[in-house]
Amino acid sequence: MGEGRWRTAGGALLRVIVVWAVSTLTMLALAGLLPEFQLQSDDGDSITRTALTAAWGAGAFGLLTALVWPVVVRALLLVPALLLGLLVFFLNGSLLLIALWLIPDGRGAANPETAVVVAAVMSAVASATSTALAVRDDNAYRRRLSRLAHRRRRRRGDDGGGSGPPGTVFVQLDGVGHEVLRRAADRGVMPTVAGWIGATHRLTPWRTDWSSQTGASQLGILHGSNHDVPAFRWYEKERGRFVVSNRPAGAVELQRRAIERTGDGGLLTVDGASRGNLFSGGADQLALVLSMAARRGRANRSRAGYFAYFSDPANAVRTALSFVAEAGREIGQSTRARLRGDRPRVGRGGLYPFIRAFATVVERDVVVAAVMGDMLAGRTAVYADLVAYDEVAHHSGPHSRDAERVLKRLDRSLALIAKVAEHAPRSYRIVVLSDHGQSPGETFRGAYGLTLKDLVRAGCGLPVSRRAERSRSGAEARDAARDALRSALHVRLDEEGAEERPVPGSDPIVLASGNLALISFPDVPWRMSREEMDRRHPALLSTLADHPGIGFLLVHSERHGSLVLGQGGVEVPVAGLKDGDGGPLADFGTGAADAVRRTDSFPHVADIMVNSMHDPETGTVHAFEEQIGSHGGLGGEQSQPFLLSPFDMSPPVEVGGELVGAEQVHRVLRRWLRECQGPQVPIGPREVSRPGGRRDVPGTEHPLPRKQA
């Protein structure tokens with residue numbers, strides 16, 4: 001025992017000396033290459049004196065980095081993540097300037113710009129040297145992982161005996177559809193996934209709800225209910241507010257409603273960890289969880305994920321360098337796409353290169369590191385979301401080379417997680433899944449020269465932009481609106497003989513969620529009926545339903561109940577919708593009727609639900625946002641995510657069965673956790689506290705007020 005400890009201590013001391021020596025040589029080399037960086041006095045020094053100065057400076061920089069960096073990073077947890085990545089260079093440069101100031105006789109000097117460069121290079125070299133030494137000594141690497149895991153278990157009061165049920169890691173590849181994953185595996189783009197499929201894991205497709213987006217899917221997967229989530233963003237009339245899934249306030253409210261409805265904390269309620277997600281799943285261990293991001297003080301443990309990662313200066317510098325490289329890569333790729341004249345194409349300027357770099361580098365690095373830490377700590381269940389592919393596919397296309405390169409890097413992250421599992425104190429089962437896919441296609445604006453909002457306003461006879469007026473669709477809509485309004489202005493008699501004229505109202509609210517859009521009339525407190533819309537805007541519904549870029553509409557009729565409207569005046573009652581019966585939903589595949597029927601039952605379904613066209617031969621749709629890879633509605637690969645699970649778990653569905661909806665996926669994951677005595681312990685029906693001391697029974701609805709007769 002004693003001999004082993006001395007050997008370990010000796011090995012650690014040797015590694016410190018080697019890293020110090022390499023850092024010293026790096027500082028000497030940089031002093032020779034950079035004229036603004038000096039390690040000599042003004043009169044010049046001998047080689048030996050200069051080497052000692054470099055050794056002093058390298059040692060001081062390394063010591064400051066080890067002692068000061070964790071404190072500085074903890075102090076910066078309130079800084080937005082995007083700025084934190086950029087501040088890494090400045091902080092490192094500042095530490096180097098302090099280290100040079102500590103050199104005796106003032107022999108070290110550099111201007112601030114040069115200090116940033118020198119500090120970045122030295123940190124990168126030191127990190128590479130440490131990594132290389134660990135790789136060469138595999139036993140030392142294994143011992144380091146074991147010690148780290150032992151310390152974490154000891155802090156948690158766990159004896160770490162290694163026995164007990166296996167843990168489960170759920171890795172969500174955001175936006176990766178079933179066919180995209182299958183093609184990437186078959187073509188060797190994702191060798192790790194390819195090695196799992198059919199050998200250790202089964203690949204199962206599943207079908208999303210109508211709202212095929214992360215807010216609805218992940219809420220259903222983690223909390224068991226996505227009831228009343230009609231889209232990514234929507235307007236709630238009774239509150240006069242917008243709900244947006246990827247805003248902290250929206251995520252908090254959606255999670256609260258799901259817990260209230262189910263009476264259960266979520267999938268990860270006991271010994272669980274939530275990493276990079278919109279929702280917590282009831283986990284106590286959090287990192288980059290949006291629903292917790294709005295909390296202040298110690299209640300916000302989500303930001304601690306940044307500290308755990310960036311407290312290591314080598315991690316910080318490596319991620320910062322990768323961040324800059326990724327932003328440059330995006331600028332280069334978008335420039336080449338523009339020069340080639342690629343179509344479809346959307347704008348990728350402004351802040352987008354940095355947003356992409358955050359999603360593909362910072363978020364990935366922090367989340368993967370957090371997952372590895374969870375495994376080394378022996379946590380029972382971990383759910384992590386990697387958003388890199390989804391972000392790139394929106395702007396480059398889901399089948400583009402840019403998106404394919406991201407898949408390669410995600411595959412390497414999966415391989416790293418699997419490697420760390422070999423060193424964990426318990427065995428782990430790795431489940432990979434996605435929340436939705438993406439469907440390609442030109443944007444609605446790119447195809448027709450106007451936005452859906454322009455088309456709606458034109459159909460209502462409201463002013464639109466000059467560009468929209470000049471477009472063919474805009475001109476036709478305005479002409480139809482004029483004709484309809486001219487006819488409606490003639491005095492008409494209602495059933496009781498009273499005069500009835502079109503009633504002016506407020507402008508409609510048009511919200512896009514991929515190729516799904518929601519139109520609401522905020523001055524009408526209830527769900528506005530088709531008859532009311534026809535009286536107010538006689539040309540609107542026909543303008544939308546007959547447009548070639550729109551597949552179908554969902555509205556409510558006072559006389560016929562809810563209706564699906566299609567081109568040529570086709571009307572189908574929602575109650576009678578069936579797959580395979582033709583009609584407006586014919587191009588949208590199996591399950592479209594049930595998906596529309598379920599959304600129609602939501603309290604916050606919009607006055608008009610609009611789904612774009614879908615070409616079943618090409619799989620293309622028209623996004624109502626500026627995205628050439630989109631999701632959020634029906635049509636194509638966006639509704640077909642996947643579930644990749646180990647064979648030692650029970651099959652997700654019976655042979656010949658189909659996995660439909662995020663809530664059913666939640667039930668499958670709960671079953672798997674129960675099979676290995678996982679963390680899901682139902683809280684059971686209970687009262688749920690609400691702000692202000694009010695308490696409600698779970699499942700209480702808050703529907704829109706009914707129209708008064």
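**Note on a predicted protein model**

1. With a relative accessible area of 46%, Arg 340 is partly exposed. Here buried means under 20% relative accessible area, exposed means over 50%, and partly exposed lies in between (1.4 Å probe, protein chains only). Asp 342 is also partly exposed, at 27%. The side chains of Arg 340 and Asp 342 meet in a salt bridge, with an N to O distance of 2.8 Å. A salt bridge is counted when a side-chain nitrogen of Lys or Arg is within 4 Å of a carboxyl oxygen of Asp or Glu.

2. On the basis of the note: this is a predicted model, in which local features need pLDDT of at least 70 and side-chain atom pairs count only at pLDDT 80 or more, while totals for chains, interfaces and linings use all residues. Residues are numbered from 1 along each chain as its sequence is written, and side-chain values use heavy atoms, with hydrogens and water left out.

3. As for the protein as a whole, it has 22 helices and 26 strands. These are DSSP runs numbered from the N terminus: helices are H or I with at least four residues, strands are E with at least two. Of the 709 residues, 54% are buried. The accessible surface comes to about 31500 Å², and carbon and sulfur atoms account for 56% of that area. Accessible areas are from the Shrake-Rupley method with a 1.4 Å probe; for residues, only the protein chains shown count as cover. Among contacts with a separation of 6 or more, 70% are between residues 24 or more positions apart. A contact means heavy atoms within 4.5 Å.

4. The search for salt bridges over the whole structure finds 32. One of them joins the side chains of Arg 233 and Glu 625, at 3.2 Å from N to O. This pair links distant parts of the chain, 392 residues apart: Arg 233 is in strand S5 (residues 233-236), and Glu 625 is in the loop between strand S21 (620-621) and strand S22 (629-630). Arg 233 counts as partly exposed, at 21% relative accessibility.

5. Arg 348 and Glu 330 form another salt bridge, their closest N and O atoms being 2.9 Å apart. Arg 348 lies in the loop between helix H11 (313-340) and helix H12 (352-376) and Glu 330 lies in helix H11, so the pair ties together parts that are 18 residues apart in sequence. Arg 348 and Glu 330 are both buried.

6. Two strands pair if DSSP finds at least two bridges between them.

7. Why is strand S16 (residues 550-557) described as largely enclosed by the rest of the structure? Seven of its eight residues are buried. S16 runs antiparallel to strand S19 (residues 608-612), with four bridges joining them; Leu 553 stands opposite Val 610 in S19. Five bridges join S16 to strand S17 (residues 561-565), again antiparallel, and His 556 stands opposite Ser 562 in S17. S16 and S17 form a hairpin, with three residues between them. S17 in turn pairs with S18 in the antiparallel sense over three bridges, where Val 564 stands opposite Val 572 in S18.

8. Ser 212 sits in the loop between strand S4 (201-207) and helix H8 (214-223). Its relative accessible area is 0%, so Ser 212 is buried. Leaving aside residues up to four places away in sequence, Ser 212 touches His 436, His 631, Gly 632, Gly 633, Gln 638 and Ser 639.
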